[in-house]
Amino acid sequence: MRSNKPFLNFLSGITFVTLWSSASSATKIGLTAVQPLVLSIPRFILASALMLGISHWFMRKPIPRDKQIWKQIIVYGFFNVGLYLGLYVVAMQEVSAGLGSLFIAINPVLIMLISTIWYRQPVRPVALWSFALCMLGMVLAAYPLLHDSHASILGLALLLLCNISYSVGAIYFAKQDWKDTPILTINGWQTLVGCICLLPFAVYFYKQGANVFNGAFIGSVVWLAIPASIVASLLWMMLLKDNPTKASAWLFLCPVAGFAIAAVLMGEPLTLYTLAGVLLVVAGLYMVQQMKSEKSS
C-alpha cells in the first residue's frame, strides 16, 4: 500500500485540478440554457441534500443544537455560498470560463491580504507584491477578451467582489469555534443557507422565456453539484491531510487547467496575453505559498 500512495496522491491531485477547474466551463454551458440563479438553486439543493443525507443519515451525525453554531453557519453560508457563488454565476454571463478559473485561483492571495488587515497585522511587502502580480495577470489575460466580447468590465468587477466575499467567508470560518461539528455537516447546512438567501432573487428575476430545462441545464447542475463541488472538495481535504505543502502546489495548475478546459469545451481563444497572465498569477500564488511556509517553519 505504501508503494502505491505516491501514485494515488498524484492521481487525486490531477483529478482535483481537473474537477475544480471545470466548474467555470460547466457554468458557462448551463448558462446557455437558463438564467444564472435558476442554475444555482438546483445545484445547491442537490449538493446540500447529498451532504446532509450522508452526514445525518449514513454517518448518524447529530443535527447541531447550539444556537451559536447555527449563527456561524448562517453567516458562513451567506458569504461562502449566497454572496460568493451568487455573484460568481451572474459574473460568468459577462466573462469567459478561463477568466472565471483564473479569478478563483487568486483566492489564496486575497485571503492572505484580507486576513492581515482583519487581524490588524503589518502588511508585508511580499503580500502586496503577490496581489499586484495577480491583478496584473488578470488584466493581461482579460485585455484581448475585452475586445471580442469574451469579457466585460462589469463581469471582472463582479468576479473580484465574489472572491472578496469568499475570502471573508474563509477567514470567518477559520476564526470560529465549531465545537467538533463535522465539516460535512457544516458544508451541507451552509450550502442550504446560501440557497435560501438566493431563492427570493431567483423568483423575482425569473423569466419563463429565458429558461430551457434541457440536457445542458441538467448536466451542468449535476456536474457542478457532485464532481466539481463535493468530489473536488473531498479530494482537496484528503490532499491537505496528507501533506498541506504538496497539496498547495496543485493550486498552481488550476488556472492552467481552467483555460485549457475552456479552450477545448468552449472554443475560447488562447493568446500570449493568456500565457503571460497565467504566469503572473502563478508567480503571485507561489509568493504567498512561500510566505505561508516561512510562517509554519
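A salt bridge is a side-chain nitrogen of Lys or Arg within 4 Å of a carboxyl oxygen of Asp or Glu. The model is predicted: local features need pLDDT of at least 70, side-chain atom pairs count only at pLDDT 80 or more, and totals for chains, interfaces and linings use all residues. Residues are numbered from 1 along each chain as its sequence is written, and side-chain values use heavy atoms, without hydrogens and water.

**Exercise 1. Find the salt bridge and state which parts of the chain it ties together.**

Step 1. The structure holds 1 salt bridge. Its partners are the side chains of lysine 179 and aspartate 66, at 2.8 Å from N to O.

Step 2. Lysine 179 sits in the loop between α8 (153–175) and α9 (183–204), and aspartate 66 in the loop between α3 (36–58) and α4 (67–91), so the pair links parts 113 residues apart in sequence. Helices are DSSP runs (H or I, at least four residues), numbered from the N terminus.

Step 3. Classify both residues by relative accessible area: buried is under 20%, exposed over 50%, partly exposed in between (1.4 Å probe, protein chains only). Lysine 179, at 49%, is partly exposed. Aspartate 66, at 29%, is partly exposed.

**Exercise 2. Check the length of helix α7 and locate its kink.**

Step 1. The expected span is 1.5 Å times one less than the number of residues.

Step 2. A kink of about 30° lies at alanine 141, shortly before proline 144. The bend is the angle between axes fitted to the seven residues ending at a residue and the seven starting there.

Step 3. Alanine 141 and proline 144 are among the buried residues of α7.

**Exercise 3. Which residues touch the most other members of the largest nonpolar core?**

Step 1. A nonpolar core is a set of buried Ala, Val, Leu, Ile, Met, Phe, Trp, Tyr and Cys residues joined through side-chain atoms within 4.5 Å.

Step 2. Of its 55 residues, Leu39, Leu99 and Leu102 touch the most other members. Helix α7 gives the most to this core, with 7 residues.

Step 3. Contact means heavy atoms within 4.5 Å. Leaving aside neighbours within four places in sequence, the contacts of leucine 102 include Gly137, Met138 and Ala141.

**Exercise 4. How many disulfides are there?**

Step 1. A disulfide is a pair of cysteine sulfur atoms within 2.5 Å. The search of the whole structure finds 0.

Step 2. The sulfur of cysteine 134 is 13 Å from the closest cysteine sulfur, in cysteine 254, too far for a bond. For cysteine 197 the closest is in cysteine 195, at 9.1 Å, also too far.

Key
Helices (H or I, at least four residues) and strands (E, at least two) are DSSP runs, numbered from the N terminus.
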